[in-house]
Amino acid sequence: MQSRIPRQPAGEQGVRRPDHPDRTDHDDRLGPGLAAVVSGARRRAVRDGDRQIDTAHLLHSLLEYDPEVCAVLGDGPQMARLLGYLVQRSIGYGLRWQGTVEDSGAVPVVKEAAGFSPSAATAVDRARERAVRRGAARAGGVDLLAALVADPGTRAVEVLVRAGVDPQALLARADGHAEPTA
């Protein structure tokens with residue numbers, strides 16, 4: 001019987017993958033819900049064959065794990081289109097992203113964060129900053145959503161726009177959403 005676990009090519013041995021066991025999802029500044037979002041994004045990145053978690057992975061996991069984010073986005077045809085684009089990522093839409101590093105160029109210094117694209121790492125940092133500004137000890141899903149849509153050059157924003165979601169209107173709704181302080 002053949003193993004169901006694919007072998008790692010010799011050229012990739014020693015390369016840190018997003019699902020590397022010594023990479024932890026827990027950060028004291030992330031709420032427990034965001035740890036689940038990051039874990040889900042990491043699994044999605046591995047399944048898609050991506051080396052890093054990007055902003056579209058984070059957006060997809062937010063929709064999967066955070067009901068408050070879904071409430072900010074709202075129901076209807078836009079949500080269905082958005083989920084459709086995200087689901088299609090590994091079978092067509094988004095294939096041009098494989099093998100490339102997401103970096104919108106909005107941040108002058110490329111951040112090194114194990115397993116995250118520079119844009120995704122920046123979004124996580126900005127979510128933490130947003131949480132602090134609203135008086136919370138930890139970032140929540142709406143904080144991360146706001147950080148994802150604040151940078152117009154990210155893959156998450158590209159997916160939102162293609163699905164017919166106005167990122168600026170979404171950011172305004174996220175800013176008006178009262179997230180519990182945790």
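Here are some notes on the predicted model above, point by point.

1. **Ground rules.** This is a predicted model, so local features need pLDDT of at least 70 and side-chain atom pairs count only at pLDDT 80 or more, while totals for chains, interfaces and linings use all residues. Residues are numbered from 1 along each chain as its sequence is written, and side-chain values use heavy atoms, with hydrogens and water left out.

2. **Overall fold.** The protein chain has 8 helices and 0 strands, and from the N terminus on the elements read α-α-α-α-α-α-α-α. Helices (H or I, at least four residues) and strands (E, at least two) are DSSP runs, numbered from the N terminus. Of the 182 residues, 45% count as buried; buried means under 20% relative accessible area, exposed over 50%, and partly exposed in between (1.4 Å probe, protein chains only). Take the contacts between residues at least 6 apart in sequence: 64% of them join residues at least 24 apart. Contact here means heavy atoms within 4.5 Å.

3. **α2 against α7.** How do these two helices pack? The angle between α2 (55-65) and α7 (residues 155-162) is about 60°, and their axes are 6 Å apart. Axes are lines fitted to C-alpha atoms, for helices over the stretch in contact, and angles run from 0 to 180 degrees between N-to-C directions. The two helices are therefore oblique to each other: under 35 degrees counts as roughly parallel, over 145 as roughly antiparallel, 65 to 115 as roughly perpendicular, and the rest as oblique.

4. **Who touches whom there.** From α2 come Thr 55, Ala 56 and Leu 59, which meet Arg 155, Ala 156, Val 159 and Leu 160 in α7. Sorted by type, the contact has 5 nonpolar residues, 1 polar and 1 charged.

5. **α7 as a covered helix.** Arg 155, Ala 156, Val 157, Val 159 and Leu 160 are buried in α7. What covers these buried residues includes α2, α3 (67-73), α4 (77-88), α6 (141-150) and α8. Just after α7, have a look at Gly 164, which takes a positive phi of about 90°.

6. **Asp 54 and Arg 155.** The structure holds 7 salt bridges, a salt bridge being a side-chain nitrogen of Lys or Arg within 4 Å of a carboxyl oxygen of Asp or Glu. One of them joins the side chains of Asp 54 and Arg 155 (2.8 Å, N to O). The pair links distant parts of the chain, with Asp 54 in the loop between α1 and α2 and Arg 155 in helix α7, 101 residues apart. Buried or exposed? Both Asp 54 and Arg 155 are buried.

7. **Glu 64 and Arg 44.** In this salt bridge the closest N and O atoms are 2.6 Å apart. Glu 64 is partly exposed at 47% relative accessible area, whereas Arg 44 counts as buried at 11%.

8. Arg 130 forms a salt bridge with Asp 175, the closest N and O atoms being 3.4 Å apart. Arg 130 sits in helix α5 (residues 118-133) and Asp 175 in helix α8 (residues 167-176), 45 residues apart. Arg 130 counts as buried, at 11% relative accessibility. A network of salt bridges links Arg 130, Arg 134, Asp 143 and Asp 175.

9. **Two buried loop residues.** Asp 50 lies in the loop between α1 (32-48) and α2 and is buried, with a relative accessible area of 5%. The side chain of Asp 50 makes a polar contact of 3.0 Å with that of His 57. (A polar contact is a pair of N or O atoms within 3.5 Å; within protein, one must be able to donate a hydrogen and the other to accept it, and residues adjacent in sequence count only if both atoms are side-chain atoms.) Thr 154, in the loop between α6 and α7, is also buried at 5% relative accessibility. A polar atom of the Thr 154 side chain lies 3.3 Å from the backbone oxygen of Asp 151.

10. **Ala 169.** This residue belongs to helix α8 and is partly exposed, with a relative accessible area of 28%. Ala 169 and Val 149 are 20 residues apart in sequence and 9.8 Å apart in space, C-alpha to C-alpha.

Note on methods. Nonpolar A, V, L, I, M, F, W, Y, C, P; charged D, E, K, R; others polar.
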